[in-house]
Every structure is written in C-alpha cells, then in structure tokens.
Amino acid sequence: MTKTFSKILESKALIRFEDCDPFGHLNNGRYIDYYLNAREDQLRDNYGLDIYAMGKTTGKAWVVASNQIAYLREVKFMETVTIKTCLRWYSGSDLLMEGQMVDPETGAIISVIWTRFAYIDIRKGQKAEHSEELTELFGKVAIFGEGRPAEYFEDRVKELRMAAVVVS
C-alpha cells in the first residue's frame, strides 16, 4: 500500500508578545522564525522527517540560502494564525518552500515567504546531493516537481492577492 502525503501542510501558531515590536505587531524578522518552526514541526508530524535527527545521523542538513517575504497585512500579539507550507520545487541539492501566514477565520493571507534551502554536508562544508529516498519523497509532495520553474516571487504574491479579491 502506497502512503499518500499532503502537499500543503498546515499548523496553528500563537503570536507571542516577545516577538512583537512596541506597537504590538509581529516584528518583520520574526516572521521567518514562525515559518521555519512551523515547517520543521510539519515535516516531522506529516512526513516523519526529523531534520535534526537526520543531520546527526547523516552529517547532512539544509541551510537557508535565501528568503523573499511579502507582508500583506499586520499581525498582532496574542493573535492565532494558520501557517501553510509546501515544497514548490526541488533539485539535486536545493529546495524551495513557500509559506503563507493566514487568518484562520477569514482565510486572508497575512504574509507570503519563499525560502530556498541548500543541502549541505556539514562535515565537509559543501553542497551535497539529496539521497534517493529524499528525492522520492520530494517527487510525491512538490507542487511543481523537480527543477526550477521560471517564475518570480512578485508574480506569485500578485496571484495570491488576486485570488483573495475573487474570494471576497
């Protein structure tokens, strides 16, 4: 029996006071932490992929190579948000994750992030190739599959904004 995997993973997060600026808004830099923490938990809970245990046993791990983020509306402390993440594409040594922070009541998108991860051999300090097992998993869950589509972050944000207008 083949196990099916969800492509879009979701979890809830409560915005904490210490992560906010003096106006009670989530600090711009802390959005990334919320996304990364959610993705780590989602991978473990949904795919059985514990990235830290894997790093210890294989000596390989993903590091953030770049982030692109759009802030579409403010989020305040003690607000609960839904964080959705997915793997958009993968290559032999890179991954591109998309995250969306969403209002759980209205579905309005609060922010969008694209994070590119590079797979690194920690002991050698250089890029590594994904294993066959990882590549198989990525093939099942990636929205676009293998290879980098020619698409821009700004176009994706515009697409999401337009979809929100249509739904409203």
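This is a predicted model: local features need pLDDT of at least 70, side-chain atom pairs count only at pLDDT 80 or more; totals for chains, interfaces and linings use all residues.
Ala, Val, Leu, Ile, Met, Phe, Trp, Tyr, Cys and Pro count as nonpolar here, Asp, Glu, Lys and Arg as charged, and the others, Gly among them, as polar.

**The largest pocket**

- The space inside the largest pocket is about 410 Å³.
- Of the contributors to the largest pocket, helix 1 gives the most, with six residues.

**The second largest pocket**

- Here you get about 240 Å³ of space.
- The second largest pocket has 15 lining residues, with Leu49, Ser131, Glu133, Leu134 and Leu137 nearest the centre.
- Helix 3 provides the largest share of this lining, five residues.
- Sorted by class, the lining of the second largest pocket has seven nonpolar, three polar and five charged residues.

- Side chains of opposite charge can pair when their charged atoms come close.
- Searching the whole structure turns up 15 salt bridges.
- Asp94 is in two of the pairs worth a look: one salt bridge goes to Arg116, at 3.5 Å from N to O, and the two partners sit 22 residues apart in the chain, Asp94 in strand 4 and Arg116 in strand 5.
- The other goes from Asp94 to Lys127, at 3.0 Å from N to O. Asp94 belongs to strand 4 and Lys127 to strand 6 (residues 126-127), so this pair ties together parts that are 33 residues apart in sequence.
- Asp94 counts as buried because its relative accessibility is 1%, under the 20% cut-off.
- Both partners are partly exposed: Arg116 has a relative accessible area of 23%, and Lys127 has a relative accessibility of 45%.

**Other salt bridges**

- Glu74 pairs with Lys76, and their closest N and O atoms are 3.5 Å apart.
- Both ends of that pair are partly exposed, with Glu74 at a relative accessible area of 41% and Lys76 at 37% relative accessibility.
- There's also a network of salt bridges, which links Arg88, Glu98, Glu151, Arg156 and Glu159.

**Asp103, a buried loop residue**

- You'll find Asp103 in the loop that runs between strand 4 (94-102) and strand 5 (109-121).
- Although it's in a loop, Asp103 counts as buried because its relative accessibility is 14%, under the 20% cut-off.
- Its side chain reaches the backbone nitrogen of Thr106, at 3.1 Å.
- Leaving out residues up to four places away in sequence, Asp103 touches Arg73, Glu79, Ala108 and Ile110.

Terms used
Residues are numbered from 1 along each chain as its sequence is written. Side-chain values use heavy atoms; hydrogens and water are left out. Helices (H or I, at least four residues) and strands (E, at least two) are DSSP runs, numbered from the N terminus. Buried means under 20% relative accessible area, exposed over 50%, partly exposed in between (1.4 Å probe, protein chains only). A polar contact is a pair of N or O atoms within 3.5 Å; within protein, one must be able to donate a hydrogen and the other to accept it, and residues adjacent in sequence count only if both atoms are side-chain atoms. Contact means heavy atoms within 4.5 Å. On a 1 Å grid over the protein atoms alone, a cavity is a set of points where a 1.4 Å probe fits but cannot get out, and a pocket is an open set with protein on both sides within 12 Å along at least five of seven lines; lining residues have an atom within 4 Å of a point. Grid points are joined across faces, edges and corners, and a volume is the space filled by probe spheres set on the points. A salt bridge is a side-chain nitrogen of Lys or Arg within 4 Å of a carboxyl oxygen of Asp or Glu.
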